[in-house]
Every structure is written in C-alpha cells, then in structure tokens.
Amino acid sequence: QQYPLSPDQTVDDPDWMTFVKQTAMKIIEEQSPKRLLDIRSRLYELLAHCIPPETIFRTLADELVKHCDGTLQKKVIQAAANYEHKLQLGSRPIYYLEAFVARFMAMYKGFIQDAIMDFDDFDFDES
C-alpha cells in the first residue's frame with residue numbers, strides 16, 4: 001500500500017481481528033464438542049499472542065451477533081456481558097471465553113432447531 005494514506009485507500013484488518021472473524025464463522029458453521037475444542041485452541045492462540053481477553057470478547061461477540069436475529073442478539077449480548085464480567089473477577093480468561101462460546105453454541109443451535117421446527121409446522125396450503 002502507500003504512505004501517506006489516501007482518502008479512498010482501504011485499511012486491512014489486523015491479523016488478530018481476521019483470526020477472530022474466522023473463529024466466529026467456525027462457531028456459526030458447526031456447534032459440536034469437537035468444534036468447541038478447536039475454538040478453544042484458537043482462543044489460546046489469541047491469548048498467547050497477547051491479545052487482551054476483553055478485546056477478544058468484544059470482537060467475537062460483535063461478529064457472532066451479526067448472524068443472529070433480534071431476540072437472539074439480545075441473549076448473546078447478555079451472555080457476553082455476563083461472562084466478560086466474570087472474566088474481570090476471575091484469573092483464567094480461557095475459562096470464560098470458552099464458556100461464552102459454549103453458551104453461544106447452545107443458544108444458536110436451539111435457535112436453528114426451533115426455526116426448522118417452525119418451518120416444518122408451517123402449512124403452505126393455507127391462503
């Protein structure tokens with residue numbers, strides 16, 4: 001790219017932010033214990049590279065909320081705030097990050113299953 005920056009020049013996200021966005025997409029794609037283990041290792045990698053856990057929480061929650069409807073968004077934000085608060089009181093950030101991801105996976109999977117059930121119950125013949 002160039003320096004000085006031009007007004008129409010795009011600025012790439014930092015590598016850690018791209019990594020968090022990819023992590024969020026992995027969470028959205030599959031909700032399983034195997035995927036949770038994979039996500040845990042990704043969270044460890046972020047922490048090992050000195051990315052503050054609060055920053056990981058906020059970025060991850062922002063990315064996950066983009067893939068939810070209004071009612072689920074509220075629950076995700078409440079869960080993120082709850083686990084981030086516990087993070088401030090605790091000493092092991094990985095526990096709270098992983099707990100938030102597990103909670104999100106459970107909420108999201110339930111939301112998807114409910115949506116499928118509602119769709120199956122819908123009668124297309126009624127006008």
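In which helix is the place of Arg40? Arg40 sits in helix α2, and this residue is taken up again below, after an outline of the whole protein, which is seen here as a predicted model.

## The protein as a whole

The protein holds five helices and zero strands, and reading along the sequence gives the pattern α-α-α-α-α. Its radius of gyration is 18 Å, well over the 14 Å that the globule rule gives for 127 residues, so the protein is more spread out than a compact globule. The C-alpha trace spans about 60 × 45 × 25 Å along the principal axes.

Of the 127 residues, 33% count as buried, while the accessible surface comes to about 8,500 Å², with 55% of that area belonging to carbon and sulfur atoms. Among contacts in the protein with a separation of 6 or more, 69% are accounted for by residues 24 or more positions apart. As for charge, the protein carries 14 positive and 21 negative side chains, and the centres of these two sets lie 10 Å apart.

| Residue | Relative accessibility | Class |
|---|---|---|
| Val20 | 1% | buried |
| Ser32 | 17% | buried |
| Arg35 | 14% | buried |
| Arg40 | 22% | partly exposed |
| Cys50 | 67% | exposed |

Leaving out residues up to four places away in sequence, Val20 touches Leu46, Thr59 and Leu60. Val20 and Ile56 stand 36 residues apart in sequence, yet their C-alpha atoms are 7.2 Å apart in space.

Ser32 belongs to the loop between α1, which covers residues 15-29, and α2, which covers residues 33-48. Although Ser32 lies in a loop, its relative accessibility of 17% places it among the buried residues. The side chain of Ser32 makes a polar contact of 2.7 Å with the side chain of Glu30.

A polar atom of the Arg35 side chain lies 2.8 Å from the backbone oxygen of Lys26. When neighbours within four places in sequence are set aside, Arg35 is in contact with Lys26, Glu29, Glu30 and Met105.

Arg40 is also placed in helix α2, but with a relative accessible area of 22% it is partly exposed. Not counting residues up to four places away in sequence, Arg40 touches Ile94 and Glu98, and a polar contact of 2.3 Å joins the side chains of Arg40 and Glu98. Arg40 and Ala99 are separated by 59 residues in sequence, whereas the distance between their C-alpha atoms is 9.8 Å.

## A cysteine between α2 and α3

Cys50 is located in the loop between α2 and α3, the latter covering residues 53-65. At 67% relative accessibility, Cys50 counts as exposed, because exposed means over 50%. Its phi angle is near 65 degrees, which is a positive value in a residue other than glycine.

Definitions and conventions. Residues numbered from 1 in each chain as written. Predicted model: local features only at pLDDT ≥ 70, side-chain atom pairs only at ≥ 80, totals over all residues. Heavy atoms only, no water. Helix = DSSP H or I, 4+ residues; strand = E, 2+ residues; numbered from the N terminus. Rg over C-alpha atoms; globule rule 2.2 N^0.38 Å. Buried < 20%, exposed > 50% of the residue type's maximum accessible area, 1.4 Å probe, protein only. Contact = heavy atoms within 4.5 Å. Areas by Shrake-Rupley, 256 points an atom, 1.4 Å probe, with all protein chains shown as cover. Lys, Arg positive; Asp, Glu negative; His and termini not counted. Charge placed at Lys NZ, Arg CZ, Asp CG, Glu CD. Polar contact = N/O pair within 3.5 Å; in protein donor to acceptor, adjacent residues only side chain to side chain.
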